[in-house]
Each structure stands twice: as C-alpha cells, then as structure tokens.
Amino acid sequence: CSLARRVLTEASKLATVGTTTNEIDDLVNQLSFDAGAYPSPLNYRDFPKSVCTSVNNCVCHGIPDSRPLEDGDIINIDITVFLNGHHGDCSETFLVGEVDTAGQELVKVAREALYVGIEQCGPDKLFNNIGGAIQRFVHQQEGFRVIPAFTGHGIGTYFHGPPDIYPCRNSYPGRMKPGMTFTVEPALSEGSPQVALLSDGWTAVS
C-alpha cells in the first residue's frame with residue numbers, strides 16, 4: 001500500500017491542464033515496474049491500461065486516453081500495484097485548474113463520506129455499518145446521492161474479493177477481524193445515482 005500511495009502522489013502531479021490521461025498511465029506504468037511491482041489493472045479482465053483515470057461524470061474505471069485535461073475538470077486516479085505477492089490499492093480525486101464551486105463541494109463531500117466510513121472500521125465491527133453511516137451522512141448534505149452500483153472490496157493476495165464494502169445501507173454479513181484489509185470507496189453524484197456502462201465494458205458514467 002505504501003508503494004501505491006507513492007505512485008499516486010507522483011501521478012497526482014500530472015493532474016494539470018493540458019496533460020493527457022495517457023501520460024498519467026505512462027508514468028504509473030513506469031514507476032510500478034521501476035519499483036519491481038506490476039500495475040494490477042493492466043490486462044485484468046482485458047483492462048488495457050495500468051491505471052483507472054475517471055474524469056468528471058465518469059464514476060469509475062475510466063480508461064486513459066489522448067484527451068487533454070481541461071481547466072475545471074475533476075479526475076479520480078485509482079492506483080493498484082502488485083508487489084511481493086500482495087496488491088495495494090488507493091485512489092484520490094483531484095481538481096484540475098480552477099474548478100467551480102459545485103465541483104469543489106462534490107469532491108469535499110465525497111472525501112468526508114470516505115472518512116465517515118473509515119470511522120466505522122475496527123475489530124469486531126459490522127461491515128454493513130460502513131455503508132449505513134456513509135448513506136446517512138450523504139443524505140444530510142443537500143444535492144448529493146450515493147451511487148450504490150460499485151463497492152469497496154477485500155484486497156491482499158487477490159485484487160478483488162470479499163468482503164464487499166457497500167457505500168449505502170445493506171445487510172452484508174460479517175464482522176471485521178484484525179489483519180483484514182479492504183477498501184472503502186464511496187462514489188457520489190449531484191444528480192441521479194444511476195450509472196451507464198460504455199461500450200468498452202469498463203467506463204461507468206453518471
């Protein structure tokens with residue numbers, strides 16, 4: 001996870017006007033291999049790139065391409081690396097140039113929702129408390145909805161697996177135990193919580 005964080009920190013420096021998401025992908029690929037790691041998304045279920053770059057209304061799993069980032073964009077960069085038999089996963093959303101007030105608020109509330117979920121974590125706590133707390137928090141914020149279609153997940157020797165960490169009210173069974181590793185990944189929308197999957201089979205848009 002520490003390597004994934006270092007790669008994400010370096011990649012975030014490219015979240016600037018005029019940079020293409022392909023350039024971010026090239027950097028992530030190079031940094032991963034230079035560290036003796038493998039970029040987990042690359043060729044995972046035919047995903048063609050080394051990082052997910054989700055811009056504006058792309059909820060997740062955006063495929064890097066040749067479009068330059070524009071002033072006012074928001075971009076989520078999602079890094080996973082495989083090193084010494086384990087995957088490390090982290091992501092963050094960044095503001096590109098001068099983002100309007102609505103965009104800034106969306107990113108702020110989503111980040112706060114993440115920490116609300118993290119506060120529910122600890123030994124012997126219920127997994128389903130995470131989503132319940134996130135949804136209650138988001139519903140208290142005017143104009144935002146939780147997108148329920150995508151969840152956090154267990155990670156370690158496998159890239160994706162149990163437990164499923166829902167960002168909304170749910171009845172997922174089980175309690176957290178010491179040594180477990182999983183992601184908390186709330187996604188928010190200013191409008192409908194519904195998403196559509198593009199023809200590439202990966203890109204999910206609101």
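This is a predicted model: local features need pLDDT of at least 70, side-chain atom pairs count only at pLDDT 80 or more; totals for chains, interfaces and linings use all residues.

Start with helix 3 and helix 4, which pack at an angle of about 145 degrees with their axes 8 Å apart. Their crossing is right-handed. To see the contact, select Val 109, Glu 112, Ala 113, Val 116 and Gly 117 on helix 3.

Now pick the loop between helix 3 (101-118) and helix 4 (128-139), where Asp 124 sits. Asp 124 is not a glycine, yet its phi is positive, near 70 degrees.

**Next pair of helices**

Move to helix 1 (residues 2-12) and helix 2 (residues 21-34). The angle between them is about 150 degrees, and their axes lie 10 Å apart. How do the two run relative to each other? Angles over 145 degrees count as roughly antiparallel, so helix 1 and helix 2 are roughly antiparallel. Helix 1 passes helix 2 in a right-handed crossing. Select Val 7, Glu 10 and Ala 11 in helix 1; they meet Ile 24, Leu 27, Val 28 and Leu 31 in helix 2. By class, this contact has six nonpolar residues, one charged residue and no polar ones.

Stay on helix 1 and show its buried residues: Leu 3, Ala 4, Val 7, Leu 8, Ala 11 and Ser 12. What covers them? The cover includes helix 2, strand 4 (74-83) and strand 5 (86-95). An α-helix has 3.6 residues a turn, so residues three or four places apart point the same way.

**Two residues in one loop**

Go to the loop between strand 1 (38-39) and strand 2 (52-55) and select Asp 46. Asp 46 has a positive phi of about 70 degrees, although it is not a glycine. Asp 46 has 70% relative accessibility, so it counts as exposed.

Ser 40 is also in the loop between strand 1 and strand 2. Ser 40 is buried, with a relative accessible area of 6%. Which side chain does the Ser 40 side chain contact? Select His 87: the two side chains make a polar contact at 2.7 Å. Now show what Ser 40 touches beyond four places away in sequence: Thr 80, Val 81, Phe 82, His 87 and Phe 159.

Select Pro 162 and Pro 163, which are joined by a cis peptide bond. Omega there is about 5 degrees. Pro 163 lies in strand 8 (residues 161-165).

Last, follow the chain to Thr 183, in the loop between strand 8 and strand 9 (188-189). Thr 183 has 10% relative accessibility, so it counts as buried. Its side chain makes a polar contact with the side chain of Glu 185, at 2.7 Å. Leaving out residues up to four places away in sequence, Thr 183 touches Asp 89, Gly 152, His 153, Ile 155 and Ile 165. Select those neighbors together with Thr 183 to finish the tour.

Conventions: Residues are numbered from 1 along each chain as its sequence is written. Side-chain values use heavy atoms; hydrogens and water are left out. Helices (H or I, at least four residues) and strands (E, at least two) are DSSP runs, numbered from the N terminus. Buried means under 20% relative accessible area, exposed over 50%, partly exposed in between (1.4 Å probe, protein chains only). A polar contact is a pair of N or O atoms within 3.5 Å; within protein, one must be able to donate a hydrogen and the other to accept it, and residues adjacent in sequence count only if both atoms are side-chain atoms. Contact means heavy atoms within 4.5 Å. Axes are lines fitted to C-alpha atoms, for helices over the stretch in contact, and angles run from 0 to 180 degrees between N-to-C directions. Angles under 35 degrees count as roughly parallel, over 145 as roughly antiparallel, 65 to 115 as roughly perpendicular and the rest as oblique. A crossing is left-handed if the near helix is turned anticlockwise from the far one by less than a right angle, and right-handed if clockwise. Ala, Val, Leu, Ile, Met, Phe, Trp, Tyr, Cys and Pro count as nonpolar, Asp, Glu, Lys and Arg as charged, and the others, Gly among them, as polar.
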